[in-house]
Amino acid sequence: MKTETNVQTLPRAIQVRNLLIDPPLFLAPMAGLTHSALRRIMVGFGGVGLLSTEMLSSRRLPTENPRVSPYLIRTETESPLSYQLLTSSEAEIGRAIDALHAFGADAVDLNMGCPSTAVGKFGAGVMLMERPDEARRIVAEARRRTSLPLSAKIRLGIDADSGKLKAFCSMLEGEGIDLLTVHARFKNEPFARNPRWAYIAEIKECIRIPVIANGGIFSKEDAERCLSVSGADGLMLGRGAVTKPWLFAEIAGSVFGSDIEEQALTLPDVYAAFIDALIADYRPIYRLGRLKAFTHYFSLNYKFGHSLATKIQSSNSLDEARERARTFFANNSEESMPALHRNR
């Protein structure tokens with residue numbers, strides 16, 4: 001089993017059909033988090049090769065209005081953008097992909113890794129790895145309906161079965177998947193469990209399409225270690241990039257040698273920009289919940305961030321939350337904040 005690679009030999013970019021992903025850093029689709037307001041903050045720092053929506057229901061998608069749907073709002077700066085589809089049946093794929101074409105999607109991703117029990121009840125998410133015949137039909141239909149880059153995001157499966165995992169990945173490639181992202185944990189493993197990056201190296205040995213590693217990347221050191229162990233062609237960042245929206249920029253500059261402009265923003269500036277983005281494009285009913293979800297992670301930048309998180313979680317309005325955040329920032333000086341470092 002391959003366990004180590006030289007990070008310096010990795011390509012700076014990945015070409016997938018007509019889409020150049022440079023640097024090979026991907027934003028993970030995360031429910032309630034991977035929306036336009038957060039994507040705009042990340043784009044402002046730089047370093048994101050491919051953005052993502054949160055997972056979208058293939059059944060409901062054709063009736064959604066992209067101008068007002070909190071799942072579909074998008075600005076011109078958010079490019080390239082992959083749209084992730086959640087489905088359990090090939091019958092839902094056609095109309096959903098037609099809708100994505102109308103929305104101007106740059107790529108399409110199939111969710112075959114969500115471990116949620118609610119999702120699993122419908123045979124979707126990671127449960128498709130237990131239904132390879134249906135997964136095959138879904139991929140084949142998606143491939144037939146679009147010429148856009150088509151990717152899939154999986155986990156390592158329900159339990160440790162290397163042969164089963166490799167067969168599933170080979171099937172995905174054979175049916176037309178252009179790029180594969182692997183969250184390196186099994187279905188029931190919590191985030192607290194260290195990711196199993198070495199399994200990705202095994203997958204790399206059996207397929208030729210680019211393989212992206214996901215899970216447990218919170219720093220440039222994590223990024224380097226993951227690439228070394230997994231041999232992956234790129235990285236997908238999730239919770240680490242919500243906590244530190246500048247993490248893409250740090251990894252792009254330090255690991256992939258991208259030219260990233262230094263910025264002097266402070267944490268209160270970042271938080272205020274996030275609120276401004278919510279106010280600019282989201283209906284009032286959708287703002288506070290998204291601020292609470294973001295604050296859960298962003299507050300980890302502070303030694304006493306649990307206080308900020310608690311105050312925002314108990315807020316009854318966006319105005320109340322914003323005022324509570326201002327008070328917290330005023331009482332937690334610059335000295336308590338990490339430097340937003342941009343140097344390569």
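Residues are numbered from 1 along each chain as its sequence is written, and side-chain values use heavy atoms, with hydrogens and water left out. Because the model is predicted, local features need pLDDT of at least 70 and side-chain atom pairs count only at pLDDT 80 or more, whereas totals for chains, interfaces and linings use all residues.

Within H10, Leu 267, Val 270, Tyr 271, Phe 274, Ile 275, Ala 277 and Leu 278 are buried, a class defined by a relative accessible area under 20%, with exposed set at over 50% and partly exposed in between (1.4 Å probe, protein chains only). Seen down the axis of H10, these buried residues fall within an arc of 155° and so line one face of the helix, the arc being that of the directions from the helix axis to the C-beta atoms. The cover over the buried residues of H10 includes helices H1 (36-45), H11 (284-298), H12 (305-313) and H13 (318-331), where contact means heavy atoms within 4.5 Å.

The structure holds 21 salt bridges, each defined as a side-chain nitrogen of Lys or Arg within 4 Å of a carboxyl oxygen of Asp or Glu. One of them pairs Lys 204 with Asp 233, with 2.8 Å between the closest N and O atoms. This pair links distant parts of the chain, 29 residues apart, since Lys 204 lies in helix H6 (residues 198-206) and Asp 233 in the loop between helix H7 (220-230) and strand E10 (234-237). Lys 204 counts as partly exposed at 23% relative accessibility, whereas Asp 233, at 15%, is buried.

Two further salt bridges lie within helices. In helix H7, Asp 222 and Arg 225 are 3 residues apart and therefore separated by about one helical turn, and their closest N and O atoms are 2.6 Å apart. Asp 222 is buried, with a relative accessible area of 13%, while Arg 225 is partly exposed at 43%. In helix H13, Arg 324 and Glu 320 lie 4 residues apart, about one turn of the helix, and their side chains meet in a salt bridge of 3.0 Å, N to O. Arg 324 is partly exposed at 27% relative accessibility, and Glu 320 is partly exposed at 26%. Elsewhere, salt bridges that share partners join Arg 39, Arg 40, Glu 78 and Asp 281 into one network.

Key. Helices (H or I, at least four residues) and strands (E, at least two) are DSSP runs, numbered from the N terminus.
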